[in-house]
Amino acid sequence: MIVVLQGPATGECRVCRFAVMTLNTFFFLTILVWVQTSLIIDMAPSVVPQSSAGGAALQASADDQLTIEMLGAGQEVGRSCCVLKYKGKTIVCDTGVHPAFTGIAALPFIDELDWSTVDAILITHFHLDHAAALTYIMEKTNFRDGHGKVYMTHPTKAVYRFLMSDFVRISNAGNDDNLFDENEMLASWRQIEAVDFHQDVSIAGGLRFTAYHAGHVLGACMFLIEIAGLRILYTGDFSREEDRHLVQAEIPPVKPDVLICESTYGTQTHEPRLDKEHRFTSQIHHIIKRGGRVLLPVFVLGRAQELLLLLDEYWAAHPELHSVPIYYASALAKKCISVYQTYIHTMNDHIRTRFNRRDNPFVFKHISNLRSLEKFEDRGPCVMMASPGFMQSGVSRELLERWAPDKRNGLIVSGYSVEGTMARNILNEPDDIIGMNGQKIPRRMSVDYISFSAHVDFAQNSRFIDEIKAQHIVLVHGEQNNMSKLRAALQARFTARGSDTKIHTPRNCEPLVLQFRAQRTAKAIGAIAAKPPAQGDVVDGLLISKDFAYTILDPKDLTDFTGLSTSTIVQRQRVALAVSWEMVRWHLQGMYGRLQEGVDAEEGLRTLRIMGSVDVRQSARHELLVEWVSSIANDMVADSIVALLLGIDSAPSSVKMTMHSHSHHHAADGKAEGSEEDTEAEATTDEEALTPKEGGTGLSVHPFSEQGLLEDSEAKAKSSKDDEVRGDAYQLAKMEHMAAFLEAHFGQVEELVIPEAHSSEQVDQVEAEGSVQAESREGKGDDAADTDMQAIKPAPDSDDAVADADVEAEAAAPEASPASPPVSIASLFDGTPRPALRVFLDEAEAVIDVENLVILASSESFRTRVQHLCTLALRSFTSLSDAFHLPQQMGTSLFQGKHSQLASIPEFGDERPAKMIRSS
Ligand SMILES: [Zn+2]
Ligand SMILES: [Zn+2]
């Protein structure tokens, strides 16, 4: 596994199996894993949506669960607060207060969440039941200890500030348990990040969201949130009806997996807009005609602006009403109107057209702003819009208590009224209301309810849900009764059309856990994707995880596709060792066989390169430097070298060798200091360390090293009478090794040469036999027989061609006839004399052509046994450096795309059975 850390790495650290790579700043937590995976191509298009080259199915992890927990607005309206957790990310949608409560009681259940883990808080709109707890959470919880950010749209942020000032002022008046003060509110307000509608906002890796118009009020949006590919649409409050100034809620262009949807109005149906507008203005007109005052409790912002537009229009059309004043009793109103004027571009065509005609709709002609009740001359009929909308306190409550006893007056509740508030209670038309000071006040004024609430009704909501087509629907922001009615109605629709859409209505603090399909895909890109793989193909490359998406690519493409650059770790290990260079070479040769020896180009130090991957250098008099480029295989070789070096001191063979070589060594070397040395071992070491030249000592070659074997065999070959055999000392060494092995098992081993002394006779014999065989096969028209004939004839001029023909012929030949001794080795003769071995076991006999690795035996079972032994002999004969090919990494970068692997040891393959057995 390769793990990416930030920053370049150098030095001599011993970090096995880790390669450190420099990072582009774009990649923060990318994990690269070398994969070699069997390809499983899932044919379902929804699973492999973008991968042109197919995807590798990856192991599912246990965290594919989306947890939705309502800390408020679960089966209620008010204190909206929805927590989404998925893949270690946490998003909170809305942080409102409950209008029916004050102080801490109005907050969502914020203790249920560790706010420092929150990645982002998204506020849909400025209404208090969605935004008013934000300051408290930002300033008074551990949210500030984390890295979370807060987002809302530009108009929401602008209005939020004014609204919250008002909220602080009202809730702090006469209340001891105020949640926060103005300064805290402003401090947190400055940290809020304002976003545009339709802006794709990336919060962190794999976490992004986009705001879509929600209608409802100025700046209100829905959030389409994407966490690691999972899409959640959180609607907040939304309306699907275009009114005097706002656009209707949009249908986002991408289909979410989960829809978290308001259910304020349940299954109720709104009155058509023109009808209710007519009813509204008629009722106002009626109250004024009877000499009464009209009280319109509203939120400072939102529906108020819509009603102001409506009233201004109505007054303009009815000159007889011009003497009746319309007041908007809010100090905030003027400030907020400027916000409305600023964000006219986010409103609907109606408003923008008027604005473009220089007819600013928010400059009202018939409405006067009332800064405070003290300046209000309460004489005769009037229309008074006053906040707050729920009449829990403030101007609207004061006027309600003042005007309630007069039956000429009228109250029109125009928005949704939350349970437990005065606005809700008075709809039941009680005979008395309880004043702020606890006194009973008779109610004689008329009470009407005309909903201008900008929430969807059942028809709009169910159509919206149908269009969104989410797999899971979570109903929030609705009273239990409304919500369960809506749920039943939706369920009936889904059942009727055979849809398996799930509807959930979680209660506060009861987490809803949704499981999503665990299978993920890795996109193959670059060179790996050049050739579309087939089912079951093995894909070999680097697996890159970024933002919960997986990519598999060739290491060569790493920089091009990811911006990551690779670097290598060169590891160095110094070993203090008081033995001679020759001794080191001698031991290393014994273990690894062939070594490359030379001088380091940079420092001119004597260097041994072992298995092409690890260098051992004599860096100082009593010090060796082991240096290698880190990789799994090289680290392993280096470990073994270091272990070997550390053991040289105490190895009995070392002691023996140095004792033995003492006098001879000094004589050969001819160094002057010899006489001054105290001990033999030290003398050897010191001199050798200072003498960087090849010593012709008996120590220089290990007898078991490949070179040692060669030298030994060469000597023997020289003494051999047979000149032809002397050609390849290595073959001779191999044969001797094999002979020793076989001798240990069978006792008697004969060394022979192909062809033997009386070869011509045997060749003739075989030739004759061959013709017999050829004759017998003639009926079948087998060409192989002829080739076979040629193959066994001596043809020194065209060795290679014949040898090839021989192999082909043997491969094509049918299963040999039952074996019977003795074995004729003449059949092996192809014109090149070479060594062979003969072994006997009781009656059975086998001849081994050592060079070509062909065995002739008198029986199949004996041949198998001999072959097995010869294979073992070959394996033990092949030195480590020949048995393993390591990727050449000295001075080159990592990721050559090759793993270390077993080098092919010459073998007695089963592919050539016909050649193995032949009877004479
Ligand atoms: Zn709202
Ligand atoms: Zn709301």
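## Exercises on a predicted model

Residues are numbered from 1 along each chain as its sequence is written, and chains are lettered from A and ligands numbered from 1 in the order in which they are written.

**Exercise 1.** Describe the confidence of the chain as a whole and over residues 757-821.

*Solution.* Begin with the protein chain, which averages a pLDDT of 76, with 71% of the residues scoring at least 70. Then turn to residues 757-821, where pLDDT stays under 50 and the model has 74 contacts beyond four places in sequence.

**Exercise 2.** Determine how helix α11 is placed against helix α12.

*Solution.* Step 1: the axes of α11 (residues 458-468) and α12 (residues 480-496) come within 11 Å and cross at roughly 50°; axes are lines fitted to C-alpha atoms, for helices over the stretch in contact, and angles run from 0 to 180 degrees between N-to-C directions.
Step 1: α11 is therefore oblique to α12, since angles under 35 degrees count as roughly parallel, over 145 as roughly antiparallel, 65 to 115 as roughly perpendicular and the rest as oblique.
Step 2: the contact is formed by Phe 458, Ser 462 and Ile 465 from α11 together with Leu 486, Ala 489, Leu 490 and Arg 493 from α12.

**Exercise 3.** Repeat the analysis for α14 and α15.

*Solution.* Step 1: α14 (residues 581-592) and α15 (residues 632-648) pack at an angle of about 130°, and their axes are 10 Å apart.
Step 1: this angle makes α14 oblique to α15.
Step 2: Met 583, Val 584, His 587, Leu 588 and Met 591 of α14 meet Leu 644, Leu 645 and Ile 648 of α15.

**Exercise 4.** Is Ala 73 buried or exposed?

*Solution.* Step 1: locate Ala 73 in the loop between β3 (65-72) and β4 (81-86).
Step 1: Ala 73 is buried because 27 other C-beta atoms lie within 10 Å, the cut-offs being 20 or more for buried, 12 or fewer for exposed, and partly exposed in between.
Step 2: leaving aside neighbours within four places in sequence, Ala 73 has contacts that include Val 476 and His 477.

Notes: Predicted model: local features only at pLDDT ≥ 70, side-chain atom pairs only at ≥ 80, totals over all residues. Helix = DSSP H or I, 4+ residues; strand = E, 2+ residues; numbered from the N terminus. Contact = placed C-beta atoms within 7 Å. pLDDT = per-residue confidence, 0-100.
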